[in-house]
Amino acid sequence: MRISGIYSVLAGLIFVAIPAVMIGGEQESISLEEKRKLAEWPDFRWDDWVSGAYGSGVDAYFDDHLPGRNAVIRWADGVKWAWGLHPAVREHKVLVKPAKREQIDTSGGDSARMNYLQDFDESYSGEMLIIDGAVFTQNSGNPAMSPAFAKMLNEYAEKLAGHTRVFSCVAPLSSAFIPVQKYRRYYQRNKATLDAIRDHLDGPLFCDVLGEMTARQDQKLFFGSDHHWTARGAYGGYAAFCKAAGFAPVPLEQMQRKVKTGFLGSLYALTRDASVRDHADTFEYFKPRVEASAVRFGESGLDHPIKSSVFCDGFQGSSCYMTFICGDAPLVKISTGVKNGKKAAVVKNSMGNAFSVYLVSHYEEIWVFDFRYSKHVMLDIIAQEEIDDLIFALGMYGAMSSGTIHMMRKLGEGGVGMRPRPVHNDTAPVPPAAPNRDSSAILVPQIVPQSQDTNGQ
Amino acid sequence: MVFSSLAFLYGFLPLCVLLYYATRVMAIRNLTLLLFSYLFYAWGEPFWVLLLAFSSVFDYANGLLIAKFRGTWKAKAVMVGSVLVNFGMLAAFKYGGFIYDNINLLISLPFPRPEVDLPIGISFYTFQTVSYTLDVYRNEVKAQKNFVAFMMFVSMFPQLVAGPIVRYNAVESQLLQRDFNWDRIWSGVNRFAFGLFKKVFVANATGALVAKYLEGSLMNLTAPDAWIGIALFSIQLYFDFSGYSDMAIGLARMFGFELEENFRHPYAAISVADFYRRWHISLGRFFRDYVYIPLGGNRRMQDRNIFVVWALTGLWHGASWNFVMWGLYFGVFMLIEKYSMPVLNKTPRVLKHIYTLILIVFSRSIFYYVDFGQLKEFWRHLFYGRSYLSEAMVMDLYNHAFLLVLAVLLCIPWDEIFPQAGEKWKPVYKWISLPVALAMVAVSTVLLVGDTYNPFIYFRF
């Protein structure tokens, strides 16, 4: 056989071997690196064939199940990077497409892992800025949306008046802390958005999260490869909450510090940028030295608690952020050794996970509601459990979307109403929470005796 | 289905080649190729398979009828009927909305605008079937009696959806008799790998840059941005379309067919006329043989003939006045070149090359913006935009220097510059061709994973 014949046969064997391995090899169902469910071979249905959906499904299957896919994707990043890589270029922008949401498991379910995958917000599509291997969104909030979020909080404050304090603890976006002067405008817009929330609050207490984070901006506040804040960034949120609530924050130095390496999160999955991969995050977290345990519940009801934990130390790699309260769940109940009778409820998206763990130093019980998944009647739980503080701790994306605001409002529907209850002797009285017009005024929160409550109870 | 998808590369293609070569019986091979071609076409647009089948069956019958009635008025009637039905089909599916819009401007039509999706490849296979019928009528080819062979000629998947437009006489002898030849098969694999590389490595990557400059709001576009954007689009278009043609020619060789070349280093052209002898050659040949020459060619009313051909060429590309304008734009320059030949002949080659490139690159703007309002806005930036180099543009050029240099190198006609080198290095290349081809396929595969949406630009025609 001539050389061309040998080469043809060899090339043919390779082309046949790849699909053979694809069919015969072990089938992954989830890509943790890309944080999405991989496509399955579509069932043949005539309607799908006619509409072209069957063909698209097979295309997606081949795309998702190429042998050694993760390695191939890393090579792809390398090849793409090689076109544009130059040591002098430290800053560049990448356009990212919306996440393949149709491939994301929307079954809800009780898998914390898949819930984490769902957390990715479609707002992250568009142009991302990459500086020294750290990804920053160029979204920086929208003051026009702030009144809608504040209005929803005001409604809660009105319903809970005299019983439960309501806090607005919205975290800024990473764009507020881009370490390049020319992007300072993003900080201003983040600030304008949060200030607009504060200005429209009528009842709830405002946490100056941006102010506290700004005071710590010499530290790493957001991950470079993930859209979440770091434990240090979340500590800024916690410090802001403590100021608003009248607590003294527990210093980080008094907590147990732990570190994991090689964290490549959602923004790496989205951008697949080689410089980000080369600057994988160090995942640092701090455990308050307080005894605490946790259970998680499904999307409704409290009958079937599943044992969980405040910190899941086992998560590694791209799943590091799930260390905090073991990832997202519709409802998590944390019980602590702080026997002061105080209870808090946290309404959050995944940004609230890193925040919630610090609260164990101040409350005997913490109920953490994920507004995206929970169908619990939150007001009933607040009434029955005599919750003292209701804290909205979320990333700004959640506060800027009418869809997510609606989800948070839904949590407050269907309750039987608030009942009078005795005041705990060892806690600060619950104030009617005067509106805060100036963030500096929050430094010393107004604590009003309950007897002065407008409800007169 | 597209060639540059993993499902095609690692599912459809190996299965098709295996089954094709599982038998030595040519009739079964042809049937295999036909069935796979219909599967290929039906992958994304199952409904329009009916149109493809109708077109094939209709002209198969027309060919036989013309042969039967040769020399009588009936043969002419069948030929005219075939042309009318084929172009009527094209008018209905491709130009229905355009025709409606224009009539509606003159008289308000009492019915809504017909909204029909353009069946993929209709411009290509319609021209193939029409050329067949005309060639049979002119007695230049014999009518094909083998039904499967004719169906395969129309619908063979390598050239079905984006050409080249295959003339029947070019493949007539290969439809029923093809030699098994390892050299041809291996050269087909190489050609396919090269086309895939051009499409995935160069066209797709350049396309991402093009979108950055030319899509969305043009408000912040500076004049250099606009020129760079449209130059990048020129690169994308060439590598996208010629990559597809390379893959088509390569695939056809794998199955024993030899298709004619569709590109010959067009960006090395030194005049507009030269450019169109190098670009989309099969389309140019169609208009030359079936429009230009019958109208009188060079002998009678050449200027008119040039304008008619270029207006039709523009219209073939899309149902929009922009495309007609694009065609006439080239018609005008063809005439200018015709009448200034003495001057052009004395002009240095490099100047002629620059002149051609500027005209071609500028013409891509008419090609890119189908909406006239957008086109005007783009031209405003192109000629009157702010003239500073934006930081982002410099960064893009710097970051993509490797890609752009590679694209330019691949546009240079090395075989024309060093005609002897090809023969000299041929034996060496033969030995290294396997790693080279596999490397190109591997790189393309790697780039396709996670980014498989990469339709060909010429699909829309």
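Reader: Which residues cover the two faces of strand 14 of chain A?
Author: In a regular strand, side chains alternate between the two faces of the sheet. Strand 14 spans residues 365-370 of chain A (strands are DSSP runs of E with at least two residues, and helices are runs of H or I with at least four, both numbered from the N terminus). Here both faces are covered by buried residues (buried means under 20% relative accessible area, exposed over 50%, partly exposed in between, with a 1.4 Å probe and protein chains only): one side has Glu365(A), Trp367(A) and Phe369(A), and the other has Ile366(A), Val368(A) and Asp370(A).

Reader: Good to know! What kind of model is this, and how are residues numbered?
Author: It is a predicted model, where local features need pLDDT of at least 70 and side-chain atom pairs count only at pLDDT 80 or more, while totals for chains, interfaces and linings use all residues; side-chain values use heavy atoms, without hydrogens and water. Chains are lettered from A and ligands numbered from 1 in the order written, and residues are numbered along each chain's sequence from 1.

Reader: Which strand pairs with strand 14 of chain A in the parallel sense?
Author: Pairing requires at least two DSSP bridges between two strands. Strand 12 (residues 331-336) of chain A pairs with strand 14 in the antiparallel sense over five bridges, with Leu331(A) opposite Phe369(A). The parallel partner, over six bridges, is strand 13 (residues 343-348) of chain A.

Reader: Is Cys326(A), with its positive phi, buried or exposed?
Author: Cys326(A) is not a glycine, yet its phi is about 60°. It lies in the loop between strand 11 (306-308) and strand 12 of chain A. Because its relative accessibility is 4%, Cys326(A) counts as buried.
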